[in-house]
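Hi everyone, thanks for making time. Let me put the structure up, and then I'll talk you through a few spots in it.

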Amino acid sequence: MILDPGVLLQVLIWGLVIGSVYMLLATGLTLIFGVMKVINFAHGELMMTGAFLTFLLWHALGLHPYLGVFVSMAGVGLLGIAVERLGFRPLRGTAKINEIFLSIALILILQNALARAFIPYFREYAQIRTPYAHRVFDLGLLNLRYDFAILLGLTWAVMLGLYLLLFRTEFGREMRGTSQNRLAAALMGIDVGRIDTASFGIGAGLAALAGSLYGIINPFSPYSGTLPAIKAFAVIILGGLGSIRGAVLGGLLYGVVEGFATFFLGGAWRDATAFILLLLVLLVRPEGIFRERA
Amino acid sequence: MKNRLLDSDRPTPNPRGQGRGAGARALGLAMAGLAAALLLGAEAEARNVRLGLLTSATGPAAATGEDQKRAVSLAREEINAGGCVFVKDRNAKVQLDLFIGDDQTSREGAVSGVTKLIVEDKVDLVFGGLGSAFGMAALPLIREHVVPYIPTPSTPLFTRTPEMGPDPSKAMVFHYQATGLMYGAAIADFLVGEVKSVMAPDKTLRVAWLYQDSPFGAEFFRGFSDRLKEANHPVEVVATERFKVGETDYRPQLTKIKALAPHALVPMGFRGETVAMLQQAVLDVGLDPKRIHLGPVCACADDPLYYKDLGKIGQSTTIMSLYSTYAIPKGPAFARWARFRDAYQKKFGVLPGLLGVSAYDAVYIAARAVELAGSLDRAKIIEALGKLQMEQLVLPVRGGKVRFDPKHREVEFFLFAQQMFWDEKLGELRPVIIWPAELGEARYRHPS
């Protein structure tokens, strides 16, 4: 009964849905790492800032959640730009540990600011409710809520937009150039500081999108970003550090493995199995599925 | 045997009279010490009863911690306004002082919170708490300092060994909360007594559990399965799925449960987790409440926000309760509920939740124990708690008397089940008490 195709297809869909969130989060992380070589540990908190911003726009101002998602992406993108300009840029060239401590400080600042603003009103969890929460597509073997279909569609639309930006524009070429060789890019006249700022802004915007979509399908708290961010780190290692393709494939693979592990082995194995997958991949391909392109 | 201090090691007096000076200094020091001791004694004599609430003032559970803080401050005000606490060895009525130890919603925080209460605030008794894991983390320090402790989270491990026998090393702990074992047993009795006749009248009742992977969730399930064996209930447990604390995506487990076609699903987690489980079960996975009974959920979910957040899909689900946010059981024993609820709402503008109520009661229990002990001596308070017997407070107890049974130092609470119905006028769910028969306003109703 539990091996019924409809049931397995349903579990696959759950995996792809949560995998899409990991994919967005990992893509933002890998973009920042690829260009700036900075590991932003506060990426999960940027994700939750995005989720709460969308929640606030919907709950307090009545803005449609799917419009709020874009406002939130822009808002958190600007926050990312500010963090890069005021936080990471002054530390460039100093010891790596300074960047690590800056991102740890950001975790605490963002978590506590969100907790202070939201917990008194919404207790442990908040959730964004769309007008489609009760609507489902009947796909024969399974029913799919509109929100899940929108989440999948929106994720891929944004990923397509990012692909076009990176591979079909002059700006994307400069960004890839900076990622491949920062010094050479600077010598070629590329304003690498501007590229850093843009990368951080886009990465933060993607985190906000991941958070907002996560907040539409799951309840969330100011502390909910920590685990997805750890998983996003695992995804970029799995996919290959600095590789966007790796983040996409790694994110989806991670979500699907996690879903099936929970289904067959139980919730206790949810996180462990996906990390076992990471270890297995690293044993065979220590550089990840996709090697970082030089 | 030679006394080394009095004989060979005694310093030789200085022949030029410096020894006399040293003697004078020693006398001066002794007098200063005596004065200090007298002053401290006077302070101890004058000081109030110091109660330490260990709760989550910060972190994810801070809002529930706020409920406890409010309820406790209300109890303190009532007791102080009502003539304070009579302490016999002072021959005086003494005010209650409250100190907060913040567990920061973490085990590490619980250790630092209880250290502050014991070492810095020098409390006479520690009480309260939301999460079993946090209260358990504080326990070693409480045992080390032999401080009377009235925990309000649900795990029976507060007073029992992992094998569930009484634990003599925790003699200072008096548990004031229905335990997971009690809840689990009541859930089994309720499902067989009320739900089976509606969902599976001529068959074995097929039940699935989806519960938090923690001592909290495990003990609810343990209480349930122990009761099935003990009462030989006609129940088959078809799934026992678990999830980690803080997890909010239950769809893979719910999909599996749906495929196993149980007659009832018991979702066991904290309020936010329970709301998410029920919503995902109905909206995402497509569990049909007409074919599968959803509940009973944990009493800890019974909070004003639960009714608001769950929405219409919570219709016909059930809660196994100890205190209800909106319903009040029949009978004079429950008159105090209404008084407490009104006073709380008047003072804070919101309704209390179960953990606030248990902390409120715990203040009264602590005050009564101090009166019985006639002293602020911790050992005497522990002894008094062991012998305590007082009228039921807000939470309902069997026999109408609060007493810690000598075997497990737990209170035998009176649990009841409520079913949810949608109130069009309010636009929110409201509960009706349906079990046991002596409290029930109605019987369990099928969603159709």
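**A strand pair, then the interface**

Let's start with B:Val207, whose bridge partner in β8(B) is B:Val237. Before I go on: this is a predicted model, where local features need pLDDT of at least 70 and side-chain atom pairs count only at pLDDT 80 or more, while totals for chains, interfaces and linings use all residues. Residues are numbered from 1 along each chain as its sequence is written, chains are lettered from A and ligands numbered from 1 in the order in which they are written, and side-chain values use heavy atoms, leaving out hydrogens and water.

Back to the strands, which are DSSP runs of E, at least two residues, numbered from the N terminus, with helices being runs of H or I, at least four residues. β7(B) and β8(B), residues 235-243, run parallel and are joined by 8 bridges; strands pair if DSSP finds at least two bridges between them.

Now, how many residues does each chain bring to the contact? Chain A gives 34 and chain B gives 33, with contact meaning heavy atoms within 4.5 Å.

What about salt bridges, that is, a side-chain nitrogen of Lys or Arg within 4 Å of a carboxyl oxygen of Asp or Glu? The rule finds 4 across the interface of chain A and chain B. In one salt bridge, the side chains of A:Arg270 and B:Glu247 meet at 3.8 Å, N to O.
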